[in-house]
Amino acid sequence: MAGQRIWEKPNVLDFLGNLKRTHYCGALRASDAGRDATVMGWVHRRRDLGNLLFLDVRDRSGIVQVVFNKETQPEAHAKAEQARSEFVVAVEGTVTRREKANPELATGEIDLVATKLHILNNAKTPPFPIEEEISASEETRLRYRYLDLRRPKPHRNLALRHKILLEMRRVMDEMGFIEVETPMLTRSTPEGARDYLVPSRVHHGKFYALPQSPQIFKQILMIGGLDRYFQIVKCFRDEDLRADRQPEFTQLDVEMSFPRQEDIFSVIENVMVRACAVAGIEVHAPFPHMLYKEAIRKYGSDKPDMRFGMELHEVTDCFPAEAKQKLRIGGSVFALAAPGAAGYSRKQLDELAEKAKGLGARGAYFVKVAAEGITSTVGKLIGAENVKKLAEACGAKTGDLVVAVSAKEEIKGAEAAALVAGQLRLQLGEALGQIDKTQWKFLWLTGFPLFEWSETDKTWVSAQHPFTGIVEEDLDLLEQSERRGQIRSKGYDLVLNGVELGSGSIRIHRQDIQERLFKALGLTEEQLRQRFGFFLDALTYGTPPHGGIALGLDRVTMLLAGEKSIREVIAFAKTTAAVDLMAESPSSVDPGQLDDLGISVKLYVLQSECGCGGRWRVFSERMSQGAQQSPGAATCPESPQYFLPLVGISNEGRWWVEHLDAGSRDWKRVLER
Ligand code: ASP
């Protein structure tokens, strides 16, 4: 029928029947010339030159150019005229050498001259082209992930991920480790995040927690005599998301009995050397070590990027008391030399100072080491001698800019100024082209404090998790609350190119010490029995000394694939707001399901942006399922041309809508029922 599109007349479609693929599209070469071949895949592109029609057909392996000749194969040619982008086809034909090869394509020396075309399925026009480089937003790509996945890059990344994981399993097996699965429906494992909870239908009012890590289980496997355990495992943490975090992520989780720290390091070094080799990257073990304190003082970070220098130096004593008072410097001052940046303009320095303040600096002070002499923004305050001393302390050379910072607020037990300077080091290093991107710099960090101060809770909390071993000499400090910050842990981190790949520790294996640690964390006898009773019991039945580590495999793969975001190496990634745009989860559920679980939702809260630059917030008791009547729309109180359609809200329960004007801090109720 004229004007009818192919998906409206499905009888045009062919069945696969007994047709057998003989070659992958990308596998055909000049040496196949003269052979018959049947390929299957998607129409990548169509070019109609009248008598000759070309279809580029694509599958996982690549693209082959198929030629349809009107004179010799009129039937196949006529059918090819119906094919459109992303239609699924099977082509039978003969491999033929091209007169002029296309060097852009691996199959560029040949054509497949079609004798028969089977159209196996049609396709709507995709919202973005299936190309290596596309300009579609990440949101669109995640929403149509099945199309995004057709591109060569996601294929490469997922294949690399598979190879890395496979190699890791091989290495672990070779070293005598056994992969053991641990439960997903379990109870809370403290890793410092919130738990994802799963309500129990059978036990009303009770909840499973998804594991933040298999930490307790792997330790129990050591008590169970497994000796060497590993698992490639999903972990779930409900925390504020950042660019390189996902609510669910994959770890290589490892635990072993009777280990020295070096034994664990060498296991992981083996794994990483082999994983890097899979990605064609040569690295050598052993990896260097650094103490946490040194990392903070020299690099202002607990995950220093060792691909470049620009080390930090403490220069507090270049600032006399009077200058400190004028500049309102409370704590220490840290500085670094930015190579070749002495020519920075006034405007650039102002921007840098603003940036530093945004990172938590009280102030940023500059020294320019130019051929004409040394000048400083604080020259008058600290005097020429100190300016010179400051530049020398940083090893500044002619042409360098020295950047010194103090911190706005002191953090108990931390070098706040160094942390700010550390972030400036990274930004300046990047801007000044100091980071050698061809390098792979692994680093073990050790000597961590056992506790860190939590400003929000105003108390000491575990720096890692509460099963981390304690340096024996410091054990007695556990009961001295004023010295908590000095206790050293037996924890360690592995860092690659400034990214934390994982952390682990030699564990507490004695029940008495574990109990003392829980008490130091403020747990009452009753709380620790209720939360960890089973584990404390297990510890009393002959627990071997043990230790382990977990590596974040999304990050490992991201780095080895040369990607900047872990979402590029996860097949079905969630957004930074923890939403799966394709599957549309999280989602509201049927009221009946909630009844089964004995749960009622207090209020649903939906947030969205308003066209006026402000925000909407809808509170409702019930969500509507399917095509129920919606209560209509709310109108923006600022600019009435903007509306918020109240889709998905059920008119049956109570609901109301609030609006926040741009720049305002007060929500206004604009509609309710
Ligand atoms: N369970 C820890 C984590 O997930 C790793 C470890 O201590 O082995 O970070």
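**Entry 1: β12 and its sheet**

I began with the pairing of β12 and strand β13 (residues 333-338), which is antiparallel and runs over two bridges. The model I am reading is a predicted one. Within this pair I located His313, which stands opposite Ala335 in β13.

I then traced the sheet to which these strands belong. It is open, has five strands in the order β12-β13-β16-β14-β15, and is paired in the antiparallel sense. I noted β12 (313-314) and β15 (373-376) at the edges; each has a single partner strand, so one side of each lacks a neighbour in the sheet. Next I looked for what packs on this sheet. Helix α9 (residues 346-358) does, touching β14 (361-370) and β16 (401-407), and its direction makes about 145 degrees with that of β14. I also found helix α11 (residues 416-431) lying across β13, β14 and β16, at about 145 degrees to β16.

I looked up Arg307 in the loop between α7 (292-299) and β12. Is this residue buried or exposed? I recorded a relative accessible area of 15% for Arg307; buried means under 20%, so Arg307 counts as buried. Its side chain is joined to that of Asp305 by a polar contact of 2.7 Å. Leaving aside neighbours within four places in sequence, I listed the contacts of Arg307 as Gln434, Ile435, Asp436, Lys437, Gln439, Lys441 and Asn497.

Strand β20 (residues 491-496) pairs with β21 in the antiparallel sense over six bridges. In that pairing I found Asp493 opposite Ser503 in β21.

I then followed β21 to β22: the two run antiparallel and are joined by five bridges. Ser505 has Gly548 in β22 as its bridge partner. I checked how far β21 is covered and found seven of its eight residues buried.

**Entry 2: the ligand shell**

Which elements supply at least two residues each of the shell around the ligand? I identified α5 (215-223), β21 (499-506) and β22 (546-552). Of the elements, β22 gives the most, with three residues.

I counted 14 residues around the ligand, of which Glu191, Gln215, Lys218, His465 and Arg507 come nearest. For three of these I looked up distances from a polar side-chain atom to an oxygen atom of the ligand. Lys218 has such an atom 2.7 Å from a ligand oxygen, and Arg507 has one at 2.7 Å as well. For His465 the distance from a polar side-chain atom to an oxygen atom of the ligand is 2.8 Å. I also noted how far the ligand is covered: taken alone it exposes 280 Å², and the protein buries 96% of that.

Why is α12 described as largely enclosed? I found seven of the ten residues of helix α12 (residues 511-520) buried, so the rest of the structure largely encloses this helix. The buried residues of α12 are Gln511, Ile513, Gln514, Glu515, Leu517, Phe518 and Ala520. They pack against β18 (451-454) and α13 (525-539). After α12 comes Gly522, whose phi is positive, near 95 degrees.

I listed Leu553, Asp554, Val556, Thr557, Met558, Leu559 and Leu560 as the buried residues of α14. Just after α14, Gly562 takes a positive phi of about 75 degrees.

**Entry 3: the four-stranded sheet**

Last, I turned to the open sheet of four strands, which have the order β23-β24-β27-β28 and pair in the antiparallel sense. Its edge strands are β23 (604-609) and β28 (667-672), each pairing on one side only. Neighbouring strands of this sheet are turned by 20 degrees against each other on average, direction ignored. I followed the pairing of strand β24 (residues 615-620) with strand β27 (residues 655-660), which is antiparallel and runs over six bridges. There I identified Glu658 in β27 as the bridge partner of Arg617.

Methods: Residues numbered from 1 in each chain as written. Predicted model: local features only at pLDDT ≥ 70, side-chain atom pairs only at ≥ 80, totals over all residues. Heavy atoms only, no water. Pairing = 2+ DSSP bridges. Axes fitted to C-alpha atoms, helices over the stretch in contact; angles between N-to-C directions. Buried < 20%, exposed > 50% of the residue type's maximum accessible area, 1.4 Å probe, protein only. Contact = heavy atoms within 4.5 Å. Near = heavy atom within 4 Å. Polar contact = N/O pair within 3.5 Å; in protein donor to acceptor, adjacent residues only side chain to side chain. Areas by Shrake-Rupley, 256 points an atom, 1.4 Å probe, with all protein chains shown as cover.
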